[in-house]
Amino acid sequence: MRKSILLLLNVFLFFQFILVKVQAQNSLEHSVDSLKNLISSSADDTIKVTRYKLLGDKLLSLNQAAELLEVSEQGLKLSETLKYPKGAIQMTLFKAIAVDIMGQSEEALILYNKSIEMAQAHEERELEAKCYINLGVSYQYLGDYDLALENQLLAYNLSKELTKNDLAKLLNNMGVIYRMQKKHERAEEIYLKSYELKKELKDSLGMAATLMNLGVACTKIPGKEKVAIDYMQESQVLYRLLGRLDQAASCNTALGQVFLGQNNIGEAKKAYSDAWTYFEKNSDPRYSPATLLGLGDIMLKEGNFEKADEYLGKALGMAQQFGDKDLVKALLYKLSGIKDTLNKKGDAYSMLKEAYVLNDTLKEATRLKAMEEMQAKFDVKEKENELEISELRLNEQTRQRNIFLYGAIGLALFALTIFFFLKNKIRTNKKIAEQGEAIQKQEIKELRQTNKLLALSSMIEGQEAERLRIAKDLHDSLGGLLSTVKNHFNIIQKQIEQIEKLDLTTKTNNLIDEACIEVRRISHNMIPHALSISGLQGAVEDLGEQLTEEGYNTTVEISGIIKDIETTKKVTIYRLIQEIVSNIRKHADAKTILIQLLGHKNEIKLMVEDDGSGFDYETAIAKGGLGLKSVNGRVEFLDGEIDWDARPNMGTTVNITIPI
């Protein structure tokens, strides 16, 4: 009975999950339509470019490459017209991704490199890192793993500029490259870090991809075959729940490889057949060839060489079209053997020579294997020549000359192999040294940044301590003395009627009252009374009341503020708001001020908005304004992010996110 209830509960949760995913998909598609309508009615400005960027992100999530290409070209044209470099970089990157997905790798490489040059020229570090990530993925699919890893490491050097989501994708990409380089334990380690980040972000699609990669890596680690299958099956379930049938089919391809490696022909054939059922109608340049390769291997094991020749021939055509050199090489070798078995000697030898030429560009381990197979084929050819010579009754001298010729060819090939091996080794050592130097420079940079933040923290703490001391001195010493002087004057007033007639006492009392008020105001500004009693919320509300008294139409909205904020951070946030308000007083000529302070999860979001004269942010920064530098410096100290939305005659909005 209990098992039945649990089963029904699981079924209910499953369908509920499907419903949520369908609703999310519909919501995403609806938001795409809304953005398109909004863009069509927008003015040609940078806000419209930002909307193109949002639309591009959503189209990429929906895997709609053709529409993404169209949107990127429209956004790029507008960005170039507006001379808006950040928009131009983002749109060029979108265009590169779109053509890469559509299989136009060479054009994609040109666009990726162009976007990197633009990002470096305008110091857009986050976009530069994203360009490196996507360029590395493109090289990975082209089979150039050295360049793929090089670009991913360049992106990793800029990891502080990336969001957790982008960092998780970067780690996953690095894991793929390590796996391709046969460093399977290292790949597993990197994948697990990526998976934990994606789990934290609740990125179901990303989790599915990393589980798939974990499964593939673990198949190559002795003793982890069962774990590999579990990872892949868990990935497949997630892909199906997310409606990603193409990725679920790719899981079948990977499972087929695992079962085939275990010589479990029945399960392997079922997995590959299920995958091909999808890929035959929905061709994929990455997985269709791999699926056909698996089916061809099964046909070879079953002794059906004709069918194997058919499957592997189709796979070769697809692999050549996509430019997967490793797969092309493997297929050429397999087909050469099959052609030889089918007594198609000419085709066999032609494919073998083609494989050898391709092999010259690949790594030394596969090169040595190719040489062994090539030598075996040469031996076969030599025996065929000997039979031919025997049949033609050529003399012994001619036969010896042929033997000498093949020996010379073999020696020359061996010499070439040694030469390319040494050349490749020197190049690899040079790259390792360069990567080590780059990592060392990054570590030094991070240490300097840490020291800088520590110094800034100490300086702010010292400033606040000095403010507190001065405030106490003003309040306790000067304030008390002024109160005593006022009392003395009251006594004098009662005793000396003549002084009262002259009205000196009233005037003096007024001056002393003003001095007391000024002392309290200075003391309050140095260390707000509300901040020490009511906390950050009370201090900000008190500041809003001051602004209202000064004649501003002030609105203060505060909610969800986290109480357990360390004192230094609390004071710095208050000083940050003070600095922004001070800038409004001095420069904005505003009538209305809105202050929003909202706590959400583990961060605080601050927004200060005014209806003043506004300004051009880039121009103000170039002039070296201390107000902006002070605000930006405090946000940097708080490890926060700041966005200035300011335009002349249209007011100013400052959005700040501070992690707690």
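Is Ser-115 buried or exposed? Ser-115 counts as buried, at 0% relative accessibility. Buried means under 20% relative accessible area, exposed over 50%, and partly exposed in between (1.4 Å probe, protein chains only). This is a predicted model: local features need pLDDT of at least 70, side-chain atom pairs count only at pLDDT 80 or more, and totals for chains, interfaces and linings use all residues. Residues are numbered from 1 along each chain as its sequence is written, and side-chain values use heavy atoms, with hydrogens and water left out.

Ser-115 sits in helix α5, residues 105-121. Helices (H or I, at least four residues) and strands (E, at least two) are DSSP runs, numbered from the N terminus. The Ser-115 side chain reaches the backbone oxygen of Tyr-112 at 2.6 Å. Neighbours within four places in sequence aside, Ser-115 is in contact (heavy atoms within 4.5 Å) with Ile-89, Thr-92, Leu-93 and Cys-131.

Next comes a loop residue. Asp-284 lies between α13 (265-279) and α14 (287-301). Asp-284 also counts as buried, because its relative accessibility is 15%. A polar atom of its side chain lies 3.1 Å from the backbone nitrogen of Tyr-287. Not counting residues up to four places away in sequence, Asp-284 touches Phe-279 and Pro-289.

Now the surface. Leu-411 belongs to helix α19, residues 396-495. Leu-411 is exposed, because its relative accessible area is 58%. Together with Phe-414, Ile-418, Phe-421 and Leu-422, Leu-411 forms a nonpolar surface patch. The accessible area of these residues together is about 480 Å². Such areas come from the Shrake-Rupley method with a 1.4 Å probe; for residues, only the protein chains shown count as cover. Patches are made of residues with over 30% relative accessible area and no salt bridge; like charges are joined within 9 Å, nonpolar side chains (Val, Leu, Ile, Met, Phe, Trp, Tyr) within 5 Å. A salt bridge is a side-chain nitrogen of Lys or Arg within 4 Å of a carboxyl oxygen of Asp or Glu.

Finally, the strands. Two strands pair if DSSP finds at least two bridges between them. Strand β5 (residues 652-659) runs antiparallel to β3 (residues 603-610), joined by 8 bridges. Here Val-608 has Val-654 as its bridge partner in β5. Strand β4 (residues 641-646) also pairs with β5 in the antiparallel sense, over 6 bridges.

Notes:
A polar contact is a pair of N or O atoms within 3.5 Å; within protein, one must be able to donate a hydrogen and the other to accept it, and residues adjacent in sequence count only if both atoms are side-chain atoms.
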